[in-house]
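Look at the sequence and the model first, then read the points below.

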Amino acid sequence: MNKKLKTRFLASLLGIFFFHLQATGQELYTLNGTISDISSNETLIGVNVIFPEAKTGVVTNDYGYYSIKLPEGNYELQISYIGYQSIRKTINLDSDKKMDFQLTEVSENLEEVLVTSNIEGLNIRKPEMSVNRLSINTIQKLPVVFGEVDVVKSLLLLPGVSNAGEGSSGFNVRGGAVDQNLILLDEATIFNSSHLFGLFSVFNPDAIKDLKLYKGGIPAEYGGRVSSVLDIYQRDGNSKEFKVQGGIGAISSRLLAEGPIVKDKGSFLIGARSSYAHLFLKLTDNENSAYFYDLNTKLSYKLDESNKLLLSGYFGRDVFNISQNFENTYGNAVVNLRWNHIFSDNIFSNLSAIYSDYYYGLNLNFVGFNWDSGIKNLNLKYDFNHYINEDFQLKYGLHNTYYEFNPGEIEPIDEDSGINYFKLSNKYALENAVYISAEHRLNDQFSVEYGLRWSNFFRLGQDEVNQYENDNPVNYDPETDIYSEAEILETNSISRSEILKSYNNFEPRIAISYALNDNESIKASYNRMSQYLHLISNTSSPTPLDVWAPSGEYIKPQLLDQYAIGYFRYFQNRAYSLEVESFYKQIDNRIDYIDGANLIANTAIERVILNGESRAYGVELLLRKNTGKFTGWLAYTLSRSEQRTPGRTAFEPGINNGEWYNSNYDKTHDLSITGSYELNRKWQFNANFIFQTGLATTFPTAQYEFQGITVPVYGERNANRLPEYHRLDLSATLTPQKNKDSKFKSSWNFGIYNVFNRQNAYSISFRENSDTNQNEAVRLSLFGIIPSITYNFKF
């Protein structure tokens with residue numbers, strides 16, 4: 001390493017720990033304001049505000065606000081945002097100034113299929129990595145199953161993101177489990193992101209303003225999960241004029257209305273979706289049905305130049321009914337009241353009070369009882385953006401969340417059912433966090449973002465607390481080599497005001513960027529995170545019946561350490577871009593289950609759980625074509641995801657003899673190719689191709705007979721795999737040409753899902769053929785070729 005590079009490296013390390021406020025000898029002035037859409041006053045997130053000559057700039061925060069301090073002088077200002085016309089303006093900064101800008105949308109924009117809106121050189125230098133965005137325009141054009149626009153399914157086309165196959169709930173990031181993803185809608189936690197057991201996501205694309213997925217290098221403002229953060233913001237609504245938009249598809253439709261409450265000051269937005277395929281079943285005398293509906297709402301009101309109130313909500317339900325004898329209802333409900341306040345030109349704050357409720361219910365008429373379970377939380381958070389100068393910005397805040405868990409409740413339908421009322425004890429917990437994070441530009445080459453989050457978790461008292469011999473809820477029998485549930489010695493009732501168990505964790509975060517030039521940089525990141533909630537599930541794809549459980553005396557919080565390094569480059573005047581990242585993540589206290597564990601309605605779940613560890617590592621590549629009539633990207637991930645649960649002592653074997661085994665969501669190869677071609681103003685064509693290694697599974701290796709019953713013998717856990725998965729999807733969008741003065745706009749989307757009718761394996765089971773008496777493997781496939789058509793409109 002040469003002397004010059006050593007000096008720069010040392011300066012960067014010193015800057016991390018001993019930052020200082022730059023003093024140039026010139027007086028600094030503040031330029032701040034809000035950037036919004038000119039047609040609706042909708043604030044815009046992530047807009048680039050750049051001063052090229054000064055080689056500095058900022059981006060707007062989650063509420064469209066920006067602030068920067070610069071020495072006195074004349075500057076060329078450039079404002080750019082994906083899908084909007086850029087603004088270039090010369091300003092004379094001779095005093096503190098407030099300047100609001102409004103951007104005009106580009107109707108025929110050739111660059112809207114960018115995966116990220118970071119289209120300026122500033123972000124090559126920005127210490128942000130392992131982050132992806134998808135514009136709503138891109139999501140709406142991608143071919144998907146049944147033609148229903150789907151946010152989560154679109155994320156699966158990005159590197160490092162996968163799921164457990166067709167019809168599966170949620171998504172997996174860098175080899176992590178579904179419950180390790182923090183999913184936020186207007187800052188409120190969504191516990192189940194799927195409709196109809198994974199066929200669709202809960203997010204109405206018409207209501208979404210911004211979507212960002214953090215896979216690594218996660219800022220200190222986020223916590224509570226160890227795999228990823230999906231941060232989604234709803235639109236505020238149009239405060240200038242009344243607008244309506246929607247879409248009609250083969251099995252579902254959506255409608256959204258927005259308009260001013262007080263012109264240019266307040267707005268409302270309300271959107272609804274519903275599926276209706278079950279209505280056609282009734283025409284065939286089919287008594288079964290499955291459908292979903294959801295509602296998005298938002299109110300926004302600007303009190304004055306320094307204060308703004310926002311009230312947003314979401315309510316969604318899924319209903320699955322079999323012959324009126326079995327009905328399953330589940331869904332999310334959230335409400336969030338926020339207050340934006342500008343203390344000064346340099347300090348922006350947001351205070352949020354959030355209520356979230358996930359409900360799961362069963363109506364079992366054939367056995368005469370109802371089953372209810374769920375999780376509720378109340379969250380109070382206060383966050384600040386502090387713009388100290390053009391090279392140094394702070395974020396800090398505090399969060400407090402109270403949880404109430406309902407593991408299950410059985411209530412008889414009538415007195416003659418013979419069923420007695422039964423309830424598993426509610427569980428309660430309190431999670432607190434304080435954080436501070438700094439983004440610091442050390443020089444033209446080095447930038448660093450570093451922060452620290454302190455999290456604290458209290459498991460509170462409940463009606464039934466079990467006690468075990470030697471404080472051990474799981475027994476091990478060395479003679480049979482079997483783990484079993486320990487006997488409960490006694491059960492105590494402890495007041496909710498008492499603390500059963502507490503945990504404290506420091507979570508450092510750091511990300512460094514070194515710009516080789518204006519088009520090329522190297523970045524690295526490290527983050528430590530804690531997760532205090534666990535989804536009790538032993539399937540590769542969670543089901544609504546799975547319940548959440550808090551950490552406590554026997555279930556420890558999951559602790560993550562993740563490292564990543566990457567290379568980023570633009571080519572040919574930024575028409576092409578390349579991102580290559582390598583990551584390694586280690587998670588302690590990942591729970592596993594003893595053989596034969598019963599997870600449903602278990603009054604003492606700690607008796608079937610063992611604490612283990614997991615790890616994942618791999619390389620991700622994302623190559624994009626950003627401009628021209630043909631745009632798109634190629635995403636490839638080579639990775640390994642493994643889990644291990646060693647014995648608690650040297651005499652115990654643990655799970656799988658304490659050896660590493662493939663996790664349920666491990667996929668060695670994951671390739672996605674996405675392309676979009678704009679033929680003319682009327683026609684646009686899109687295609688996806690996906691190839692993935694089959695999911696890990698466990699097949700029987702032998703069998704024996706016992707008292708006339710054939711018993712299979714299984715090999716090592718997840719040592720086998722399903723066949724590889726691949727699929728080609730096509731779609732075409734027709735936009736009829738209308739009178740330019742007409743406010744009514746429409747489009748038709750035609751799609752073909754799984755063009756080659758590939759029968760991809762959802763699962764493989766084994767049985768004895770009744771004719772030949774030979775064992776056979778049976779492949780279950782969910783979807784073949786599926787055509788779709790959707791009509792979209794707005795006025």
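Arg235 and Glu258 are both buried (under 20% relative accessible area; exposed is over 50%, partly exposed in between; 1.4 Å probe, protein chains only). Their side chains meet in a salt bridge at 2.4 Å, N to O (a side-chain nitrogen of Lys or Arg within 4 Å of a carboxyl oxygen of Asp or Glu). Arg235 lies in the loop between strand 17 and strand 18, and Glu258 in strand 19 (residues 252–262), so the pair ties together parts 23 residues apart in sequence. Strands are DSSP runs (E, at least two residues), numbered from the N terminus.

The model is predicted: local features need pLDDT of at least 70 and side-chain atom pairs 80 or more, while totals for chains, interfaces and linings use all residues. Residues are numbered from 1 along each chain as its sequence is written, and side-chain values use heavy atoms, without hydrogens and water.

**Other salt bridges**
- The count comes to 39 salt bridges.
- Asp236 forms one with Lys209, with the closest N and O atoms 3.7 Å apart.
- Both Asp236 and Lys209 are buried.
- Lys395 and Glu221 meet in a salt bridge at 3.3 Å, N to O.
- Lys395 is in strand 26 (residues 392–412), and Glu221 is in the loop between strand 16 and strand 17, 174 residues apart.
- Lys395 counts as partly exposed because its relative accessibility is 33%.
- Glu221, at 17%, counts as buried.

**Strands 16 and 17**
- Strand 16 (residues 208–214) and strand 17 (residues 228–234) run antiparallel, joined by six bridges.
- Tyr214 has Val229 in strand 17 as its bridge partner.

Definitions and conventions:
Two strands pair if DSSP finds at least two bridges between them. Helices (H or I, at least four residues) and strands (E, at least two) are DSSP runs, numbered from the N terminus.
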